[in-house]
Amino acid sequence: MVWWTVIALLVAVFTLAYYLLARNADYFEKRNIPCLKVNPLMGSIWKAVLQQSTFADIVKEAYNVHPEAKYVGFFDFSMPVIMLKDLDLIKSITVKNFEHFPDHRNLQNEDTEPMFNKNLFALRGERWKEVRNLLSPAFTSSKMKMMYVLMRDCAKEYGNYLANLKEEESIIELKNAFTRYTNDVIATCAFGVNVNSMKDPKNKFYVLGREATNFGRWQSLKFFLVRSAPWLTDRLGISIIRPEITKFFKDLVETTIKTRDEQNIVRPDMIQLMMETRGKLGPGKELSIMDMTAQAFVFFFGGFESTSTLMCFAAYGVGVNEEIQRRLQAEIDQVLEECNGNVTYEAINEMKYLDAVIYESLRMYPAIVAADRLCMKPFELPPHLPGEKPHVVQKGDCLWIPIYGIQHDPKYFPEPEKFNPDRFNGDPKQFLNAGSLIAFGMGPRMCIGNRFALLESKVLLFHIFAKCDLIPCSKTTIPMKLSKKGFAVTAENGFWFKIQPRSNKKAGVEKIAVPGTTMLIDKIPDRYPDN
């Protein structure tokens, strides 16, 4: 019965999409705007839907449709979308003229998908401003410093766990381990509960969180359907997250708040921050339990999937590049020596090479390959090419910012397919200010949790590479291939490495010089063992 419903739904959606796309097929042709080739049913994203290409490659293909154009055309299923390419124009849209483009597209109504539509990312207008201002204090330097202690203790445990794996257990898939770390960090920093997903791998918090954030084929299909035909999925009761998962997290938040009230417990986390607003926001603006759950969950979603993926790509980039691994470990060893083993918040934030590794990973593998902006007031774009007419974006129209395309443009990053942290060895802010590194977005809608994600990633990588070498094995895919399953950016066959404790290295290994420096690092002879 379920499959018949799904088939009927697909037929209805594709029929409608065909009608709408056929009606709009000449939208960009009439305006003489270059456009990526479209499919009558699925628009420009058809290769991703059919899993013939990654969503990242489609964004890059559209970005390169016309090298000189300030923007190009794109169809998100049947919706015509302007894909911006010019960095100055992107800054104008996201910062200077933010009031014209303040929102993202919603998925569907709040009752059907409250975890997605009540969170900060999906909120619109004044409600977004209220909640953004409410949550911003959770990510100040003082709050980050307090959360750092929780992250550090968790990362130490994971570093020790990996360094003490038995020989027969030493080949692991990093995403599995890293999602457990991010799960535990978010549990304590956002929900105020303590779990240990290595010692208790089947804890409910982790199992349900993994299900909610795992966008495989079926989950991705539901996501595309919800985005493209919310009126239909609402009526059929189709949701991205199972109601049982929503209930679990809502009950967890409600119980946590009740326990803290009864026992006068105070913690430096997001739940506490939201609790302290009670009675202060005014009629109709107070945060309900579901509102609080949605805010906590969006950071769980971001941490569980996006941040763990960032860690995986960073670890991969280091693990398959011997010189990079040794340079990073040399910096880690120096910090450990200067801090007498007690690594402080300030010390880890002053690590230039670790920063460079993280930023290069963000550049090459952004978790979100394109960001959207919804037009709320008509806005005139300049001509896409000299001699052409301006284009007026109307209320309800959508713009896309091709993050992956920009960050893989050789105009901004020479040899863009090469993992090269040295690009960011100077001041990464020059790329952020220029708008060529926009993995976290730009302007007021920039990801509010970006500092949290960066710190969480740096802390784990520090403690892993302090204790372990990552050695490519027979399961390691070299070069990296992105998965075509779903729309999330991840490795085709996972992130497999052999974990080797650094204490097991033989004394007297050959030393090699780091080009352009006076640094000497160890050279490990056999980087590609058969096992």
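This is a predicted model: local features need pLDDT of at least 70, side-chain atom pairs count only at pLDDT 80 or more; totals for chains, interfaces and linings use all residues.
Where is the place of Gln51? Gln51 sits in the loop between helix 3 (46-49) and helix 4 (55-63). Phi of Gln51 is near 60°, a positive value in a residue other than glycine. Most residues other than glycine have a negative phi, and most peptide bonds are trans. Gln51 is partly exposed, because its relative accessible area is 22% and buried means under 20%.

Leu50 lies in the loop between helix 3 and helix 4 as well. Leu50 is partly exposed, with a relative accessible area of 44%. Leu50 and Lys485 are 435 residues apart in sequence, yet their C-alpha atoms are 9.1 Å apart.

Now take the chain as a whole. The chain has 21 helices and 11 strands. Of its 531 residues, 56% are buried. Consider the contacts with a separation of 6 or more. Residues 24 or more positions apart account for 74% of them.

Asn264 brings back the backbone theme. Asn264 is not a glycine, but its phi is positive, about 55°. Asn264 is found in the loop between helix 13 (243-263) and helix 14 (270-275). Is Asn264 buried or exposed? At 68% relative accessibility, Asn264 counts as exposed, because the exposed class begins over 50%.

The peptide bonds hold a further item. A cis peptide bond joins Ile478 and Pro479, with omega at about 0°. Pro479 lies in the loop between strand 8 (468-471) and strand 9 (496-501).

Step back into helix 13 for Val253. At 1% relative accessibility, Val253 counts as buried. What is Val253 in contact with, leaving aside its neighbours within four places in sequence? The contacts are Phe191, Ile271, Met292 and Thr293. Val253 and Ile289 are 36 residues apart in sequence, and their C-alpha atoms lie 7.2 Å apart in space.

Next come the rings. How many aromatic pairs are there? The count comes to 19 aromatic pairs. Tyr158 and Tyr181 form one that is edge-to-face, with 5.8 Å centre to centre and 75° between the planes. Tyr158 lies in helix 8 (residues 141-163) and Tyr181 in helix 9 (residues 174-189), so the pair ties together parts that are 23 residues apart in sequence. Both Tyr158 and Tyr181 are buried.

Tyr359 and Phe424 also form an aromatic pair. This pair is tilted, at 6.0 Å centre to centre and 35° between the planes. Tyr359 lies in helix 18 (residues 352-364), while Phe424 lies in the loop between helix 19 (403-407) and helix 20 (429-434), so the pair ties together parts that are 65 residues apart in sequence. Tyr359 is buried, with a relative accessible area of 14%. Phe424 counts as buried too, at 1% relative accessibility.

Rings also gather in a group. Ring pairs link Phe205, Phe248, Phe249 and Phe297 into a cluster.

Charged side chains meet rings as well. Arg31 lies over the face of Tyr27, at 3.7 Å from the ring centre. Lys85 lies over the face of Tyr63, at 4.9 Å from the ring centre.

Last, look at how two helices pack. Two packed helices are described by the angle between their axes and the distance between the axes. Helix 16 (residues 322-338) and helix 21 (residues 450-467) pack at an angle of about 100°, with their axes 9 Å apart. Helix 16 and helix 21 are therefore roughly perpendicular to each other. Which residues meet in this contact? Helix 16 brings Gln325, Leu328, Gln329, Ile332, Val335 and Leu336. Helix 21 brings Leu461, Phe462, Phe465 and Ala466. The residues of this contact divide into 8 nonpolar, 2 polar and no charged.

Definitions and conventions
Residues are numbered from 1 along each chain as its sequence is written. Side-chain values use heavy atoms; hydrogens and water are left out. Rings of Phe, Tyr and Trp (its six-membered ring) pair if their centres lie within 6.5 Å; planes under 30 degrees apart count as stacked, over 60 as edge-to-face and the rest as tilted. Helices (H or I, at least four residues) and strands (E, at least two) are DSSP runs, numbered from the N terminus. Buried means under 20% relative accessible area, exposed over 50%, partly exposed in between (1.4 Å probe, protein chains only). A charge sits over a ring if NZ of Lys or CZ of Arg is within 6 Å of the ring centre and within 35 degrees of the ring normal. Axes are lines fitted to C-alpha atoms, for helices over the stretch in contact, and angles run from 0 to 180 degrees between N-to-C directions. Angles under 35 degrees count as roughly parallel, over 145 as roughly antiparallel, 65 to 115 as roughly perpendicular and the rest as oblique. Contact means heavy atoms within 4.5 Å. Ala, Val, Leu, Ile, Met, Phe, Trp, Tyr, Cys and Pro count as nonpolar, Asp, Glu, Lys and Arg as charged, and the others, Gly among them, as polar.
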